[in-house]
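These are my notebook entries on a two-chain model. I looked up the sheet, the helix packing, the contact between the chains and some backbone details.

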Amino acid sequence: MSCSIELPAGMSRRHFINHLAGAAALVSPATAFTNSILANATDMKKRHKAAIMLWMGGGPSSMDIWDLKPGAPTGGPFKPISTSADGVTVCEHMPLMAKQMHHMAVVRSMSTREADHMRGRYYMHTGYVPNPNVEHPSYGAVIAHELADQVPGLEIPPFVSVGSGSVGPGFLGMTWAPFVVDSNGNVRNLDMGVDPARLAQRMEMLATIEKRFIGERRGASADDHAKVLDKTVKLMTSPQMEAFKVMKEPAEAQERYGKTGFGRGCLMARRLVEMGVPFVEVDLGGWDNHANIFPTLQNQKLPELDKAMSALVEDLADRGMLDDTVVMWMGEFSRTPNINGGGGRDHWARSWSVVVGGGGFKRGVVVGETSSDGKEVVSEAYSSQDLMASVLKSLGVSLETTFTAKNGRPMQIANSGKVIKELFA
Amino acid sequence: MRDGVRDGVRRISCGRVLLGVAGMIGMVAAAGRATAYDPAEHYGIPQVKYINEQVAKGWDESCLLPSPAATDGEWCRRVHLDLIGRIPSIDELRSFLADTSPTKKAELVSQLLGDDHVDEYARHWTDVWTTVLIGRDVTNERVNRSGMRQYLRRAFSKNMPYDRFMEELVTAAGVNANRRELEGFNGATNFLSGKMEEMGVENGVQATAKTAQIFLGLQVQCTQCHNHPFNKGKQNQFWELNAFFRQTRALRKRGGTDDVQWVELVDEDFAGEGGNPEEAELYYELRNGLMKVAYPVFVDGTEISKSGYLPAVMDDGTAYGVHRREQLAALIKASPSFPQAIVNRTWGHFLGHGFTKPIDDLGEHNPPSHPELLEGLAERFRETSFDLKELARWLVLSHPYALSSRSTAANKNDDPSLGERPKFTHFYLRQMQAEELYESLLTATEADRAARGEEAAKKKDTWLSQFVIAFGTDEGDDATTFNGSIPQVLMMFNGDMIKNATGTGQGGFLDRVASSSMSNAAKIETLYMAALARKPARAELTVANQMVAARKGDVITALQDVWWAVLNSNEFIIKH
């Protein structure tokens with residue numbers, strides 16, 4: 001583990017645990033609190049799979065970043081540059097990522113139908129279009145659910161969202177909800193300010209009330225509340241919270257990732273994955289460029305993205321983590337090839353690109369192709385569920401997995417998407 | 001139906017005969033701690049009778065039996081939360097419990113909807129409608145939240161008819177901030193002031209989408225760019241509706257700094273994108289790049305004048321021109337979707353689930369669970385001159401609202417959280433909104449409510465802002481982390497609000513309870529009544545007594561721990 005474990009000042013962890021054990025704290029015996037301290041740091045060092053999603057809120061114009069069309073009327077002013085991967089080009093304003101492209105794969109043949117922000121956001125996070133009768137779990141919930149067992153000593157939530165909150169756990173339940181933090185890693189209200197003995201007493205009283213209410217069969221949300229209480233107590237006393245303290249990184253690293261919200265978020269994602277967290281989403285908003293898209297991309301969005309994403313990929317590779325850690329870059333959709341009257345691009349889902357890398361993915365390749373004006377996918381087109389199936393496969397998650405939605409309906413993982421075969425050797 | 005319960009047998013129209021065991025148990029239990037009278041009572045209100053019959057018909061058709069009635073304490077708590085946004089105080093609760101009148105529920109509802117509670121009623125519905133109209137995001141500089149709230153508070157204080165309310169919001173003009181140096185303040189402008197412009201293009205796209213969504217239950221935002229893939233929405237309909245907003249401009253006033261200080265919403269003659277104000281058109285782009293023309297046409301196909309001129313009179317006395325937004329408001333008011341959308345929203349507010357999910361998406365693609373009831377209630381709402389308090393009264397006095405949230409063997413499959421269509425056989429759990437928690441904590445701790453008004457509202461806004469997540473889109477989409485996740489629990493465990501609520505300072509709530517002459521058991525009971533509207537169960541009293549004993553003479557510290565636990569419980573934060 002790269003960061004040292006420190007006890008919260010003034011609190012003896014062992015002391016606290018002893019008290020809490022006596023109180024037989026919360027509702028589910030399977031998550032007996034005391035188990036977690038038995039897991040020591042060596043467990044955490046074992047290799048584990050993880051995924052980091054870089055979510056570009058608003059819908060980034062992928063044809064200005066990963067699939068340039070120089071000279072086409074739709075092409076815009078940016079020029080492609082060659083990269084560390086043979087035959088792969090990216091935008092000239094992504095010079096740092098250009099040096100990392102041998103680790104990554106660009107899928108230029110995404111074709112989806114959801115071009116409304118909320119619908120697209122849901123669809124790209126879950127592989128399902130919104131349906132009034134069922135809430136589907138997002139990437140983070142599915143992956144945390146499937147991979148949480150590999151790090152039994154993990155006390156911090158297995159699904160962390162840095163920034164705007166991701167999409168929820170759907171029918172998998174609040175246990176798998178994203179834990180949302182800001183990019184400075186501050187977790188609010190972490191300290192109760194009472195001694196451990198007293199906290200244990202409070203928890204015993206609380207557990208008594210919770211149990212009674214749950215026993216009255218009023219609905220699942222009563223039970224969910226108790227489960228989240230259990231997790232919160234673990235978190236409050238966990239030395240693993242150290243992973244959020246991104247400001248403790250050397251100045252050099254902070255500089256390399258960029259002193260931006262997204263830069264700190266990516267750096268935190270690396271620390272969290274090192275700690276054993278199986279899924280981290282880092283959000284970068286501001287891609288809804290209906291007007292003045294090119295100056296906005298060139299001067300703001302792309303430099304911020306380029307610095308942070310390249311530093312993350314480079315670090316993961318240098319630390320030998322990339323084989324087990326998938327990095328994916330996407331938004332809810334992309335932007336129209338046609339440039340509108342305001343010098344912007346509008347919503348477009350029919351032909352666009354995402355980027356993946358690490359895990360079991362083939363590296364340094366481009367998958368698929370769009371037409372010369374960028375308006376059509378001219379190779380086999382891929383959907384959100386295909387991408388999700390591919391990410392799961394690259395993490396070693398079985399695509400045979402079937403969940404049971406709350407209504408008893410079986411739900412195939414990744415909505416039965418088919419693996420994008422060109423992404424695998 | 002009452003007869004069915006009385007003889008213990010309930011005949012079900014699907015041909016089976018079920019023993020009304022649950023109903024029997026309900027009646028027996030009712031004698032002990034719940035109301036002993038019929039939960040299907042309609043208090044002489046025909047609309048309540050209608051709701052009861054319609055919902056019961058749904059039970060019959062699906063072979064479900066309703067749960068027994070909620071206890072009086074539970075009902076009292078939920079009706080306070082849903083009508084005035086906070087739990088009942090101990091005094092309010094005790095006086096309701098002590099009342100033996102068979103019509104005490106109707107009387108409590110009349111009180112809560114009456115003059116005594118008008119400020120609280122207005123505050124609660126201001127909270128609800130602020131979120132509906134402008135979301136929770138406090139960063140939109142073109143929206144003046146305080147101006148919005150002032151408008152809403154006034155509207156709900158006088159129970160403005162809902163059609164008038166809609167008209168004022170849809171046609172609002174004036175200055176959005178209430179400042180001494182500005183003339184023409186109209187807080188209602190804040191509904192649209194932040195929705196006229198996107199990325200420097202003033203096209204009223206968000207105004208169109210939100211107006212249709214909120215007042216017609218019509219989701220048109222997708223059809224801005226293309227025909228809707230699975231409802232009947234067509235792209236031309238979006239832009240024809242949008243054309244109603246093209247006389248409207250949101251003028252940003254900077255008052256000497258770079259920041260927008262206020263917005264003035266005005267209507268001006270619209271010259272049309274083709275330059276002919278007699279037929280003032282707009283153009284929109286099809287997916288294939290072709291441009292098409294649009295004039296104002298309502299969603300049901302009603303056309304209005306194509307003129308872009310505002311109403312005026314020529315020198316010779318001929319009147320010309322049209323006020324497009326006023327026309328729009330009139331068309332909305334006449335639409336059958338208008339009362340349906342608000343009935344569905346209100347039903348969802350009180351019963352935990354609307355007839356459709358989401359509540360603001362009506363249409364053939366998303367059929368409601370109780371179509372007849374939705375239509376029937378909408379008609380009755382129109383007949384009652386769009387009186388929101390009457391609508392609320394019907395719903396909270398209805399049979400489904402009176403039911404326990406405890407499911408029984410005879411209705412456990414009625415669970416909309418499992419994707420089933422709601423049958424309302426029992427009261428569905430839902431978490432308090434952040435605003436309701438805030439106010440409930442003030443009530444539970446008998447906090448001094450002297451500090452009211454704008455200052456208090458700002459303090460509350462600051463507290464609420466910790467939960468807001470903005471998604472970084474132009475549409476200002478947002479969500480809340482006040483959703484039962486870890487950050488919420490951390491706030492409830494350790495946040496300043498809870499530290500204050502569980503404070504032991506002199507003269508505070510815990511201090512007053514601890515230093516009273518009550519027995520320790522009575523003190524603990526006071527905490528339970530204050531927060532949960534019930535007495536502690538035996539097991540709870542045992543644990544609490546142990547804590548008091550362990551603290552020797554330090555009763556207040558023990559009470560503080562009990563109080564902390566009570567406030568952190570599922571039972572406190574979940575409306576049940």
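The entries below follow the order in which I looked things up.

**Conventions.** I worked from a predicted model, in which local features need pLDDT of at least 70 and side-chain atom pairs count only at pLDDT 80 or more, while totals for chains, interfaces and linings use all residues. Residues are numbered from 1 along each chain as its sequence is written, and chains are lettered from A and ligands numbered from 1 in the order in which they are written.

**Chain B overall.** I counted 26 helices and 15 strands in chain B; helices (H or I, at least four residues) and strands (E, at least two) are DSSP runs, numbered from the N terminus. Of the 576 residues in chain B, 48% are buried. A residue is buried if 20 or more other C-beta atoms lie within 10 Å of its own, exposed if 12 or fewer, and partly exposed in between, with C-beta atoms placed from the backbone. Among the contacts in chain B with a separation of 6 or more, 63% are between residues 24 or more positions apart; a contact requires C-beta atoms, placed from the backbone, within 7 Å.

**The sheet of chain A.** I traced an open sheet of eight strands with mixed pairing, in the order β6-β5-β7-β1-β8-β11-β4-β12 (chain A). Strands pair if DSSP finds at least two bridges between them. Because β6 and β12 (365-367) of chain A each have a single partner strand, they stand at the edges, and one side of each is left without a neighbour in the sheet. Ignoring direction, neighbouring strands are turned by 20° against each other on average. I then checked strand β4 (residues 104-110) of chain A, which runs parallel to β12(A) and is joined to it by three bridges. In this pair, A:A105 stands opposite A:V365 in β12(A).

**Helices on the sheet.** I found helix α10 (residues 261-275) of chain A packed on the sheet, where it touches β1 (50-56), β5 (159-162), β7 (279-284) and β8 (325-331) of chain A, and its direction makes about 175° with that of β7(A). Angles run from 0 to 180 degrees between N-to-C directions, and axes are lines fitted to C-alpha atoms, for helices over the stretch in contact. Helix α11 (residues 293-318) of chain A lies across β1, β4, β7, β8 and β11 (352-358) of chain A, at about 165° to β8(A).

**A helix pair in chain B.** How are helix α11 (residues 205-216) and helix α12 (residues 235-242) of chain B packed? I noted an angle of about 105° and axes 9 Å apart, which makes α11(B) roughly perpendicular to α12(B) (65 to 115 degrees; under 35 is roughly parallel, over 145 roughly antiparallel, the rest oblique). B:V205, B:T208 and B:A212 in α11(B) meet B:F238, B:L241 and B:N242 in α12(B).

**Between the chains.** I listed 61 residues from chain A and 61 residues from chain B in the contact. On the chain A side, the elements giving two or more residues are α5 (117-126), β6 (179-181), α7 (196-215) and α8 (220-236).

**Backbone details.** I recorded a positive phi near 50° for A:R217, a residue other than glycine, in the loop between α7 and α8 of chain A. With 16 C-beta neighbours inside 10 Å, A:R217 counts as partly exposed. A:N292, not a glycine, also has a positive phi of about 50°. A:N292 is partly exposed, with 13 other C-beta atoms within 10 Å. In chain B, the peptide bond from B:K357 to B:P358 is cis, with omega near -10°.

Conventions:
Contact = placed C-beta atoms within 7 Å.
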